[in-house]
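Hi,

Here's the structure I promised to pass on. Have a look at it first, and then read my notes below.

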Amino acid sequence: MALDFPLRKIIHVDMDAFYASVEQHDNPELKGKPLAVGGGSKRGVVSAASYEARKFGVRSAMSGYIAKKNCPELIFVKPRFDRYKEVSLQIRSIFFEYTDLVEPLSLDEAYLDVTENKKGNPSATLIAREIRKKILEKTGLTASAGISINKFIAKVASDMNKPNGQKTINPEEVVSFLENLEIRKFYGVGKVTAEKMYKLGIFTGNDLKQRSLEFLDQHFGKSGRYYYHVVRGIHKSEVKPHRIPKSVGAERTFSENLSSEIFMLEKLENIANELERRLQKSKIAGKTITLKIKYSDFSLQTRSKTLPYFVADKNLVLETAKELLYQSPLENSVRLLGISLANLNTEKDKKAETDTSESVSVQLRFDF
């Protein structure tokens with residue numbers, strides 16, 4: 001296969017159990033013990049879990065009650081986001097020693113394009129190793145990394161040797177790596193999508209590769225084109241130092257379940273106020289308003305409406321959110337409400353990311 005575009009050297013750095021690791025580092029008495037950040041109150045939800053807690057099935061987004069049931073010895077600590085941000089900035093300063101092309105995804109992970117780097121080092125693998133070593137020396141925390149020709153493969157690779165490891169997928173290995181990869185390990189394939197693929201007989205990348213673009217479009221809509229390309233090693237999204245948000249939102253978890261829409265109106269108004277504040281701060285407006293409802297049994301429902309014009313005013317947002325609330329009867333009592341705005345006026349053309357004209361060469365030698 002001919003190569004029609006230049007390969008990049010992309011590193012995805014992912015901190016290991018970041019919030020929990022910060023807490024264990026700052027308080028040595030917590031080291032080696034099952035730990036959950038958040039989730040300690042009656043209505044609490046786990047924000048992060050240490051590896052010791054994960055062995056018992058404790059995961060982020062799990063209720064504190066279930067987490068404690070799974071692991072009776074579990075220790076809960078309150079999150080300290082200011083501290084996590086402080087450590088994150090220390091880590092990010094290390095990234096900038098190597099490249100200005102750094103795209104943070106959150107406080108604990110980022111993409112780096114080191115194709116051309118400040119150290120003049122041709123090996124992305126060695127750069128990743130240096131970065132992980134510096135992070136450990138500066139913060140006392142471990143990081144894992146994935147290295148490959150694009151963001152998608154680097155992201156998948158970073159999870160291969162966790163914790164405190166790294167994985168390089170060289171250009172000539174990309175095709176076979178993706179063909180043999182379990183479909184549930186594809187970044188962007190969640191639990192629901194994986195189950196749907198299983199029913200269609202798609203269990204590995206090779207199975208996915210056998211399906212036509214038309215088949216994937218039919219069964220997965222817009223995502224079908226994405227799956228069609230990434231399994232062939234095609235993902236042209238560049239590392240963006242100033243990442244543009246796809247949505248802006250605000251939500252609230254309530255101390256007591258709400259059983260009637262009447263009780264939710266005041267809550268929605270407060271959420272809309274917070275959302276407006278965030279929109280004004282970022283100077284953003286959007287067209288698609290989504291109401292998020294989490295029920296007392298933790299099931300999740302979203303209801304959306306797209307307007308013909310951009311909005312950022314809380315009154316317009318609230319009016320639509322109320323309309324969505326009354327769109328259909330509630331299925332249960334409600335523990336959380338959220339409002340988000342998408343289809344923003346900051347979005348750019350994504351054509352370059354889904355161009356079908358490119359292919360990956362398995363013969364090309366590229367120093368990684």
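Let's start with a term: a residue is buried under 20% relative accessible area, exposed over 50%, and partly exposed in between (1.4 Å probe, protein chains only). With a relative accessible area of 51%, phenylalanine 263 therefore counts as exposed.

Before the rest, some housekeeping. This is a predicted model, so local features need pLDDT of at least 70 and side-chain atom pairs count only at pLDDT 80 or more, while totals for chains, interfaces and linings use all residues. Residues are numbered from 1 along each chain as its sequence is written, and side-chain values use heavy atoms, with hydrogens and water left out.

Back to phenylalanine 263: you'll find it in helix 12 (residues 261–282). Helices (H or I, at least four residues) and strands (E, at least two) are DSSP runs, numbered from the N terminus.

Most residues other than glycine have a negative phi, and most peptide bonds are trans.

- Alanine 17 isn't a glycine, yet has a positive phi of about 45 degrees. Alanine 17 sits in the loop between strand 1 and helix 1 (18–26), and is buried at 7% relative accessibility.
- Asparagine 343, also not a glycine, has a positive phi of about 55 degrees. Asparagine 343 belongs to strand 12 (residues 334–344) and is partly exposed, at 31% relative accessibility.

There's a cis peptide bond too, joining lysine 162 and proline 163, with omega about -10 degrees. Proline 163 is in the loop between helix 6 (151–157) and strand 8 (166–168).

Cheers
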